[in-house]
Structure formats: structure tokens, C-alpha cells
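Subject: Structure handover

Hello,

My notes on what was found follow below it.

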Amino acid sequence: MAKTDREISQMATSLPRSGIRAAASLAVGREGLAHLEFGEPSVMPPLAVRQAAAQALLERRMVYTPTEGPARLRQALADKLGRVNGVTASADEVFVTHGGIGGLYLAFATLLEVGDEVLLPDPGWPNVVSQVLSFGAIPRFYPLRSADGYLPDPDSWPIGPRTRAVVVNSPSNPTGSVFSAELMERIAAVASRNGLWVISDEVYDQITYDQRPTAMRPLYPERTLSVYSFSKTYAMTGWRLGYLVTPQSRVDATKKMAETVYSSTSMVAQEAALAALAVPDAEIQSVVATYRRRRDLALTHLRQWGLYRYTPGGAFYLMVDVSGAGDAGAVHRRMIEEKGVVTVPGSAFGASAAGELRLSLAASDEDIGRALSALGDLLDVR
Ligand code: PLP
């Protein structure tokens, strides 16, 4: 092989790009667009969070911290987990991570061998697919169908001798489905019967509209790795802070892996996170009420047009079937070029969503309004 052929590793060469980022790149350089492509809250982080970060900067609290995060923050996270999620964890079992994505990465990094199989939702958040592939492991997909309320049937999962783990995401990106306690119990039972690890992606744990989500860890404490984030609840996407909850038996391995990848997260963000955890629940609920209002507004239009039957119970996304207007990739392009509205084609989330577009309702009211009228025009349903 010529030397230049090996300048980039085979793994890096073969990894897929995030379809969300690829979809967004079509809009780069265009002005005045409505942005519904990212789960990027239009609201500000709470004032107390911004003030805590400013104070940390002024007082030079911006140095390296312990890899796993400072003890005070880990204790505050353990308290939050008990209070909000019904999860019992010692501070020692909580790792402050580089966003929710960092928690997912550490979970896979301490778990996977080359050739292991991991069950992933289709449609699902695409970055976990490339994370699994980056460890030489093999993604196997289980379907989430709109006809079933985007809920999985764990009894039909393709579990084989090499299946090591399953990723569960409730509330879900991109479908907005929230799994009932009974479904989470069934998932725990199937995982337990087959000796699987459950990676429970709960980054939307506080953004639900009808029922509170059920955490996986209390149901299956021995083999659950739970992932949370500050990005969504507190609109802290760019602060890059999340946390992973792991059984005690994996603490040392997780610490080594975190040391290898990022040594510590940002101290400024950690100080802000402590303030975030002290934000009154009423303040969080008022932001959730804004997302609920946007969901209801969008559903009213889409239902009038016969485009939507399902009601997302959490997160802030809608999957809209645009197959009536042709190929969803082409509709996505036309939305940008003719209407100035950026969305994401469903294919970014899996083969089963190829006829759909995902809209993020974290966008502003104005941008959501523009997106809905653009859809109405392009689908000729108004
Ligand atoms: N998991 C899901 C389902 C997500 O939608 C996201 C972000 O959009 C993440 C994990 C990653 O969270 P973070 O932005 O904190 O890294």
C-alpha cells in the first residue's frame, strides 16, 4: 500500500458522518434561514447559570479538575438523581462527562470488544452508530414504528451470542416517545435474561409533557449505564457537560478511559452546572411549558393537514411524513432553497424514517411558524 493511502486510519475513513451535521452543512453561508435542524434550545440558560460561569471566570476558577469531576458536583448530581429520577447512586458512581455524548462514549469504551454487537433504535440519534463502529463493534437495529407509538418490542430484538448491549433512549430523539414503566421493566427483563448491558440515554429526562419518564437503573442496577446531560434541560448545549452513572464495579475502568480521552471537563461549565442544579423546578417547568405549547401548535396544523397522528410525550422533535411530496432528501433541499427553512431528512436517523423530515421544536416560535407554512406549501395541503 502506498504511504499516502495510510495517512488516515481505516476506521476514520469508514465512519459515517452524522446525517444531522451533513443536512445542516447544506445551509452554511445562507442568511436569514429558519433553523430547525439541531436540538438547540432557543431559550437562554437560566440567569443563575450564566452568573455562576461569569463569577468562575472572574475568580480564575478555570483550572484542571479531577477527571471524574469535583466531589461537590458529583454529590449534587447524586442528590438530583435521587430527587428527580428516583435513581440511587453514590457520588463515586457519577462521572462528569464531556456532554451526554461523552458519557455514551465512555460507556461503549469500557464495554465493547471488536465484533461485539449492540442493539440500537431505528430511528435513533445517529452519533451512537458511529461510536459503536469506532470500537469495531457492529450496530444491529430494532425498529420504532409510528404505528406502534414508536415503542420497541424487546421480545423481538435480534439477540445473538455476540450481542453485548442495547441502547435505549426515552424520551427519544427523534420520535419524542416516552417509554412506560411497564415497557422499561420488560426491557430490563429481556436484558437480564440475555446478560445484556443497557445503555440508557436519558438526556431528555426533564423534558416531558404527560408522564415522567422511568429511569432504567433502579430496574436493572447491575448492568445499566445511564447517560444524562445539561445540554437540553438547561439549554447548555455549548457548555459540553453531561454525566454518566455506572455501577461501582466499572468506576476504575471508566476513570482510566476518561483520563485517556479528556482528562477533565471545563471547570467553568462545572461551576455553572452547580448553579443549574439549584435552579427551582418551577423555572425548568416554565421552559417545558414553552416546548409543550410549540408541540401543540405544530400538531394542530399538521393534524388539520392529515400529516400526523402521533403525539410526542417528550423531548422536542416531530417526525413529519413528507413522502407525499417525493423523496425526503429532495424535500429537505427544497425547504432550504425555496423556503429558507432547515430541517433534517429522516434518513439521518435510520432507514425506517427515510420518508420523513425531523423538525426541532426547540427552535423559536417564529422559525417553527415559517417551517409549518413551508411544509404546507410544499406538500400542497393548506
Ligand atoms: N443523546 C441524544 C438522544 C441526543 O439527542 C443528544 C444530543 O442531541 C445527545 C445524546 C448528546 O447530548 P450532548 O449534547 O449533551 O452531548
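Where is the place of Pro-174? Pro-174 is in the loop between strand E5 (163-169) and helix H7 (181-194). Helices here are DSSP runs of H or I with at least four residues, strands are E runs of at least two, and both are numbered from the N terminus.

Some ground rules before the rest. This is a predicted model, with residues numbered from 1 along each chain as its sequence is written, and local features need pLDDT of at least 70. Side-chain atom pairs count only at pLDDT 80 or more, totals for chains, interfaces and linings use all residues, and side-chain values use heavy atoms, with hydrogens and water left out.

**Cis peptide bonds**

The bond from Asn-173 to Pro-174 is cis, with omega near 15°. Another cis bond runs from Asp-122 to Pro-123, with omega near 5°. Pro-123 sits in the loop between strand E3 (117-122) and helix H6 (127-134). For context, most peptide bonds are trans.

**The ligand**

Asn-173 turns up again at the ligand. Of the 14 residues around the ligand, Asn-173, Asp-201, Tyr-204, Ser-229 and Ser-231 come nearest. A residue counts as near if one of its heavy atoms lies within 4 Å of the molecule.

By class, that shell holds five nonpolar, six polar and three charged residues. Nonpolar covers Ala, Val, Leu, Ile, Met, Phe, Trp, Tyr, Cys and Pro; charged covers Asp, Glu, Lys and Arg; the others, Gly among them, are polar.

Now the polar contacts, meaning pairs of N or O atoms within 3.5 Å; within protein, one must be able to donate a hydrogen and the other to accept it, and residues adjacent in sequence count only if both atoms are side-chain atoms.

- Gly-100: a backbone N or O atom lies 2.8 Å from a ligand oxygen.
- Tyr-204: a side-chain N or O atom is 2.8 Å from an oxygen atom of the ligand.
- Arg-240: a side-chain N or O atom is 2.8 Å from a ligand oxygen.

Taken alone, the ligand exposes 390 Å², and the protein buries 93% of that. Areas come from the Shrake-Rupley method with a 1.4 Å probe; for residues, only the protein chains shown count as cover.

The ligand takes up the space of the largest pocket. A pocket is found on a 1 Å grid over the protein atoms alone, as an open set of points with protein on both sides within 12 Å along at least five of seven lines. A molecule sits in a pocket if more than half of its atoms lie within 2 Å of the pocket's grid points.

**Helix H5**

Which helix gives the most to the shell around the ligand? Helix H5 (residues 99-109) does, with four residues. Nine of the 11 residues of H5 are buried, so this helix is largely enclosed by the rest of the structure. Among the buried ones are Gly-99, Gly-100, Leu-104 and Phe-108. Buried means under 20% relative accessible area, exposed means over 50%, and partly exposed lies in between (1.4 Å probe, protein chains only).

**Positive phi**

Most residues other than glycine have a negative phi. Ala-235 has phi near 55°, a positive value. Ala-235 lies in the loop between strand E7 (224-229) and strand E8 (242-245). Ala-235 is buried, at 8% relative accessible area.

Asp-380 also has a positive phi, near 55°. This residue is in the segment after helix H12 (365-378). Is Asp-380 buried or exposed? Asp-380 is exposed, with a relative accessible area of 67%.

**Pairs across the sequence**

All distances here run C-alpha to C-alpha.

- Arg-21 and Ala-348 are 327 residues apart in sequence and 9.2 Å apart in space. Arg-21 is in helix H2 and is exposed, at 54%.
- Leu-26 and His-332 are 306 residues apart in sequence and 9.7 Å apart in space. Leu-26 is in the loop between helix H2 (19-25) and strand E1 (34-35), and is partly exposed, at 40%.
- Arg-50 and Tyr-310 are 260 residues apart in sequence and 37 Å apart in space. Arg-50 is in helix H3 (residues 47-58) and is partly exposed, at 30%.
- Ile-368 and Gly-340 are 28 residues apart along the chain and separated by 12 Å. Ile-368 lies in helix H12 and is buried, at 2%.

Best wishes

Key
1 Å grid on protein atoms, 1.4 Å probe; cavity = no way out; pocket = protein on both sides within 12 Å on 5 of 7 lines; lining within 4 Å.
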